Amino acid sequence: MTALDNRPAASSAALTGTVAVLVSLVLGLAVVDPIPVLAGSGGGLCIAAGVWALRSEARERIAGGSILIIIGAGVFCGTALLATDYWSLVVALGFPLAATLVVIDASSGLVPPADATDELSAMLDESFVVLVVGVIVTIVCAVAAAVRLPWVLVRVVTGFSLHPLVGFVTLQAGVLLALLLLDRATETLESWVPAPTATTDRSLERLDLLGTNWWDIDTPLKAAVGLQLLVAFVPTAQMLFDRFLDSLPVLGSALRVVFSGPLHLPLAAGILALLAILIVERLRQWLLQWLGDDPGQSLARQTGSIVAAVGLLLGALALTAAGVTRRVAPTFTGGGHYGSATVLLLGVLISVAVLRGLITLLAELVGAEVLSRRVAGFATGSGLLFVMTLLGAERGLAPILVLVGSAAALLVWDASAHASSIGQQLGRDAETTDSEFVHVTGTAAVLAGAILLVLFVRYVLIPVAVPTTSAGLSFSSVLALGLVLLAIAAFALALNAHEEGPHTSGDRSGSRGERTADDSD
């Protein structure tokens, strides 16, 4: 027996989402350029579809939802770049965001119950960390490409040279460091091999013999190496060491060459290999802790951010390796592709952070009982749609569209509240189509009547009664706004007075059957 799906009733939820998307799209296109509005709407629908996919137990769907949310966040960031000014940006993002909140609440629920796992918040938190790591890596790659790091390393290696005394002392210190690292690296290698073979066991034993713990080294030896490091960089000591090598006719020249750098390169390579083993082990432990008890689930939630970071980084690497360069700034030549990848990842990171902040704010409002959990997205989306409609009026939106947008916001809120009530009491799949149709039809009729009344007063009565009213902030405009507010207040009172609960189709058929039996009697 499965638990009751108490999401909003499917029919009314689908209607509210459709109305919110269509109205926000129409009003947005009527105010600003179509490209930002269409881009923002597409990004919002991607986010809504991704949230719906996250509310699943199948890891494939969760991974797909993560990718869709990251794509939607990136499209939202691109919409900000397409806007021509501040007000265009507000309109291009406000209308799609309002529709997105409504669609999320209609399909899957924006704020889950307190005892349920919030997959959306977990996905955004984990994606934020992954994107931060991706941004850091791309910045490092951008700097490396800008300074031509491979050629710098080649020149450093080929031109590497030390004073013989410094080389002699650093060789001793390097050997001690390698032995200390080998002691730690041997333990790590043993933990990596669960069941070593005979050959592997012998190799590990030999490495263990070479490795040395810090406390196993004699104190006089450590003191001697430390004292040599202090003296090796003193010019007087270097001059005396040169005289000592010059006093050796043949061996002195050979020692001068050996101590000047040739032995340091393989020693440095070995030390780096040992450090790499220790670093990889630390990363492995961190990943195990990061992925938690269910690594597959965590990786599925992080798929979108991982794909975005790795895809942009590999794309920049391929373009750079192919010789396709772009000059971003006078001092940043050669790092253009990595710089572009960094900018894109930063944009997605900002969008993810803003979305996470919005979810946190709504969750806090729900926790403070300012909003109901069941209608948090509906209330926020419909309210934002109403506010954006008023802002659109300031941007020259036609009066009829202002009225339609305000009425649509009220319709979305009323239908969503009714759908949430049905879902809570009877379940999402309850047969309440008749009740939903009657309720939504009544609400739409009231709103349509209010719009027609306002239009009649504004364009018929006022011109007849006050034909000389000047344009601009006229008496008719003030009266029309008052009538709209009056209609909203009256409709709100009517909603509060409506206490009749939802009826299922089965209940209606049962009541009809009882009435028929009574008539026959």
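**Quick look at a helical chain**

The protein chain folds into 19 helices and zero strands. Keep in mind that this is a predicted model. Of the 521 residues in the protein chain, 37% are buried.

- Take the contacts between residues at least 6 apart in sequence: 80% of them join residues at least 24 apart.
- The chain's accessible surface is about 28300 Å², and carbon and sulfur atoms account for 69% of that.

**The largest nonpolar core**
- This core has 32 residues, and the members touching the most other members are Ile69, Leu110, Leu120, Leu124 and Val352.
- Two or more residues come from each of helix 2 (34-54), helix 3 (59-82), helix 4 (86-107), helix 5 (119-146), helix 13 (295-321) and helix 14 (336-367).
- Helix 14 is the top contributor, giving eight residues.
- If you skip neighbours within four places in sequence, Leu120 is in contact with Val51, Leu54, Arg55, Ile69, Leu110 and Ile359.

**A second core**
- There's also a separate core of 31 residues, with Val102, Met388, Ala408 and Val412 among them.

**A closer look at Ser406**
- Ser406 sits in helix 16, which covers residues 399-426.
- Ser406 counts as buried because its relative accessibility is 7%, below the 20% cut-off.
- Its side chain reaches the backbone oxygen of Val402 at 3.0 Å.
- Not counting residues up to four places away in sequence, Ser406 touches Phe386 and Thr389.

Note on methods: Residues are numbered from 1 along each chain as its sequence is written. This is a predicted model: local features need pLDDT of at least 70, side-chain atom pairs count only at pLDDT 80 or more; totals for chains, interfaces and linings use all residues. Side-chain values use heavy atoms; hydrogens and water are left out. Helices (H or I, at least four residues) and strands (E, at least two) are DSSP runs, numbered from the N terminus. Buried means under 20% relative accessible area, exposed over 50%, partly exposed in between (1.4 Å probe, protein chains only). Contact means heavy atoms within 4.5 Å. Accessible areas come from the Shrake-Rupley method with a 1.4 Å probe; for residues, only the protein chains shown count as cover. A polar contact is a pair of N or O atoms within 3.5 Å; within protein, one must be able to donate a hydrogen and the other to accept it, and residues adjacent in sequence count only if both atoms are side-chain atoms. A nonpolar core is a set of buried Ala, Val, Leu, Ile, Met, Phe, Trp, Tyr and Cys residues joined through side-chain atoms within 4.5 Å.
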